[in-house]
Amino acid sequence: MRKPVKESGSMRELEAIIAQYDQLKSADTGCILATVVHVEGSSYRRAGARMLIDEVGNITGAISGGCLEGDALRKALHALHQQKNKLITYDTSDEDDAVIGAQLGCNGIIQVMFEPLNFQDEFNPCELLKNVISKNAAQAIIVQFNLNRTREQSGTTLVIDENSEVIGKKPESELLQIFQKQAKLSLETTRSQFAEFQNSEEIQHVFIQNYQPPVKLIIVGAGNDAQILAQQAELLGWEVTVTDGRPTHANEQRFSSSCHVIVSKPEQTLENIEIDERSCFVLMSHNYNYDLAVLKLLLKEDAIPYIGILGPLKKYERMQADLEIEGFDISEENYDKIYAPVGLEIGAETPAEIGLSILAEIQSVLTRTSAGNLREKSEPIHEKKNNHFMQLKV
């Protein structure tokens, strides 16, 4: 098997796939997109994982921890040769399965859709995904499939946004309305869904993937520890902005090219920053008055889900006292967004360890999870109820 194509450290997997797709399209090199559309039981990757395979066997992305990629490459090239969508089932619960071979004990059944990409089709799967990542908004990606593998596989057909606007190959009106309704539900709950419906006297299935734009991390302060935190966040594919009043610290030479660096007085911090429900702030300027001035601005913004403050508890208590003296009327909901001292308790000492604790805490807050030890969890890691097919009436 060929080596996977290297991805930029700051590039999310889907962005890396689209970047590689654009290169293959320019070179007129045939390629195919593989998408995990359903998982029953345990698996290293969940539904929505993707990888791009070109006609000579180069791979970008992944659909498993490595146990499926070898056979998936062969299946992809076969589907590419036939120029036909195919659904392949992998059963990792079978330890004797020679196809899987790795015997990882994942104990899951994985459905993978293989879709050859027609460069002339403006709505081919990668063109639809390119549209998705170009917008800074949550969207629902619709992938239709048939568990009867001998039947036609529609594949990635539509993208639906929060306003029920549709891009792609629209089905009949009645089915489109159902997709729009389910897409809206998926976006409201921020959960992907699986559904089945009967169409033309046969049962069809659909994976409605909830796509969320990257997390926006705004680091207030451009010290050496901010450099490390920015690097770590970029590895996660987060969009990083660093703001500081010192041009000697807040400059592009100290941070990567993908990091947005702003020199600003604290009172002007938000003037060049667009805030939404994915915007998380960490105050770490090591200047009490600077951090306090920015905190005053942030507490007026309802959309912000997370405000972390570096420093001891006494610093935050002093901030609260100063805010009270100045007559700031802060709601309990806004206070609940403040995490001070910032980070999870993992015994962090070095800047890199502190960065790890901060990013883990932000991830926990955004996903509404406990950040506890998985070994203490009695239920499956991923909620099984999200894997069940809902019954849709057409």
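**Figure 1. Lining of the second largest pocket.** Strand S12 contributes the most to the lining of the second largest pocket, namely three residues. Strands S11 (216–220) and S12 (239–244) each supply at least two lining residues; helices (H or I, at least four residues) and strands (E, at least two) are DSSP runs numbered from the N terminus. The space in this pocket is about 270 Å³. A pocket is an open set of points on a 1 Å grid over the protein atoms alone, where a 1.4 Å probe fits, with protein on both sides within 12 Å along at least five of seven lines; lining residues have an atom within 4 Å of a point. Grid points are joined across faces, edges and corners, and the volume is the space filled by probe spheres set on them. Of the 16 lining residues, Lys-216, Glu-239, Val-240, Thr-241 and Ser-258 are the closest to the pocket centre. By class, the lining has five nonpolar, six polar and five charged residues, where Ala, Val, Leu, Ile, Met, Phe, Trp, Tyr, Cys and Pro count as nonpolar, Asp, Glu, Lys and Arg as charged, and the others, Gly among them, as polar. The model is predicted: local features need pLDDT of at least 70 and side-chain atom pairs pLDDT 80 or more, whereas totals for chains, interfaces and linings use all residues. Residues are numbered from 1 along each chain as its sequence is written, and side-chain values use heavy atoms, without hydrogens and water.

Figure 2. The model has twelve salt bridges, each a side-chain nitrogen of Lys or Arg within 4 Å of a carboxyl oxygen of Asp or Glu. In one of them, the closest N and O atoms of Lys-130 and Asp-22 are 2.8 Å apart. Lys-130 belongs to helix H3 (residues 125–134) and Asp-22 to helix H1 (residues 13–26), so this pair links parts 108 residues apart in sequence. Lys-130, at 27% relative accessible area, is partly exposed, and so is Asp-22, at 30%; buried means under 20%, exposed over 50%, and partly exposed in between (1.4 Å probe, protein chains only). Glu-127 and Lys-25 form another salt bridge, with closest N and O atoms 2.8 Å apart. Glu-127 is in H3 and Lys-25 in H1, so the parts tied together are 102 residues apart in sequence. Glu-127 is buried at 14%, while Lys-25 is partly exposed at 32%.

**Figure 3. Salt bridge between Lys-296 and Glu-326.** These two side chains meet at 2.7 Å, N to O. Lys-296 is in helix H6 (residues 288–298) and Glu-326 in the loop between helix H7 (313–325) and helix H8 (332–336), so the bridge ties together parts 30 residues apart in sequence. Glu-326 is partly exposed, with 45% relative accessibility.

Figure 4. Cys-126 is in no disulfide, and the nearest cysteine sulfur, that of Cys-31, lies 6.3 Å away. Cys-126 is buried, at 0% relative accessibility. Cys-259 is also buried, at 6%.

**Figure 5. Helix H4 (residues 173–189).** H4 has 17 residues and reaches 25 Å from its first C-alpha to its last, close to the expected 24 Å; the expected span is 1.5 Å times one less than the number of residues. Its buried residues are Leu-175, Leu-176, Ile-178, Phe-179, Gln-180, Gln-182, Ala-183, Ser-186 and Leu-187.

Terms used
Disulfide = S-S within 2.5 Å.
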